[in-house]
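Please read it alongside the structure shown below.

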Amino acid sequence: MKYDRLKVICLDKEGGYGGSSRSLFQSIKHISSSEIDVEVWCKRRGPIQERYQTINVRTEVHPNMPSYHSLPKISRNLFALTVFFIYDWPQSFFFRRKLLEKVNKVDVIHLNIDGFYWLSRWLGKRTDTPIVMHKRTNPWVSIFSRFQMKIIARYVSRLVFITEENEKNYIELGGRINHGVVIYNITPRIDKLPKPLKDIPNDNRFKVCTLANYSYLRGIDRLIDVAKIIKDSSFNKVLFVVAGNISLTRSLPGELGKVAKSGGNLSDYAKKMGVDDMFTFLGHVNNPERVLSGCNVLIRPSRENNPWGRDVLEALSFGIPVIATGTYNRFVDNEITGFLLGRFNPSIVAEKIVMLSNDYHLVEHLGIQGRERVTRLCNGPKCAKDLLNIWQEVSKQ
């Protein structure tokens, strides 16, 4: 090893505005400063820089940090790649030059998302410093995702997968077997709930929250279908609390696209569907913990098979059951820590919400088991030590 303490530079895209950023912070927080000298470079300025200050970790903000991940549709990939190579990549010239100077002075580069794959290729051709990458997404099968995994397989020394499903996806897309290790995202134990946000109505309605910026694949618009069913049944004790950006893109299908083309957002869509009185839209919040503490259940209505993520883990750590779609039951375990539905059916989801709202004992029971599960699987010191072991291992190669 070149230094008394392992020198690591981490690249983070979100700046605290997403789960990957918060997860990296938890890992670094649980590694002793006597073992590593770490610095974090962020693409965005946000709440994470202040958090790193509290644990004496240096940060820098570099808006031109280039990232790109494969998309489901061929047309969107072609457009996004064109923008990336014509604009984003050339704009990153001075950032890349500064980064290269830095990485030649450290032991390990940690890329916190797989969207940095093209940057890993560029670095791999110019430095011997080993690269570790967090694979947090499951790209759809396409020539673009296979190309992404081929680059990662060649230039990244070691991968960290947040679930077994992420590793499986990597291998199915042509990645190397035994190229990485599964380390679950750290979830801190919550002994005292923070004060709920004032914007969450303090009434007796059963509150169902979601923590995500809107995208079609995240499926937050599906909650409006659920709300319509609940409202049609004359049950008026449910409030959906949506935390995150609710902007809509003009390419969305059906009524969503019509609302977007007229300049509206998800709130306008809820109003058009006649259920706006069943929703509170908070926009982005810096402290999602204060959303969770004011709600009874978290829902993840994704159009993808991914019932995990920072929102799920933090909800379970708060003792809050989760309703999600998919098949992976490591965290959301059907009728044990919440309800895991193989596919999204608004009628069934509405039924589960109404059932829970009428049985707070069941809500508490599911919540206790969820908290116990993430306490066991997402233990801070253990998961952080596993990541440190990876850094130490590649630094000796």
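## Packing of two helices

At what angle do helix H5 and helix H6 pack, and how far apart are their axes? Helix H5 (residues 117-124) packs against helix H6 (residues 143-155) at an angle of about 35°, and the axes lie 9 Å apart. Helices are DSSP runs of H or I of at least four residues, strands are E runs of at least two, and both are numbered from the N terminus. Axes are lines fitted to C-alpha atoms, for helices over the stretch in contact, with angles from 0 to 180 degrees between N-to-C directions.

On the H5 side, Tyr-117, Trp-118, Ser-120, Arg-121 and Gly-124 meet Phe-147, Gln-148, Ile-151, Ile-152 and Tyr-155 of H6 (contact means heavy atoms within 4.5 Å). Six of the residues in this contact are nonpolar, three polar and one charged.

## Salt bridges

The model contains 22 salt bridges, each a side-chain nitrogen of Lys or Arg within 4 Å of a carboxyl oxygen of Asp or Glu. One of them joins Asp-37 to Arg-5, with the closest N and O atoms 4.0 Å apart. Because Asp-37 lies in strand E2 (residues 36-42) and Arg-5 in the segment before strand E1 (6-12), the pair ties together parts that are 32 residues apart in sequence.

## Basis of the model

The model is predicted: local features need pLDDT of at least 70, side-chain atom pairs count only at pLDDT 80 or more, and totals for chains, interfaces and linings use all residues. Residues are numbered from 1 along each chain as its sequence is written, and side-chain values use heavy atoms, with hydrogens and water left out.

Notes
Nonpolar A, V, L, I, M, F, W, Y, C, P; charged D, E, K, R; others polar.
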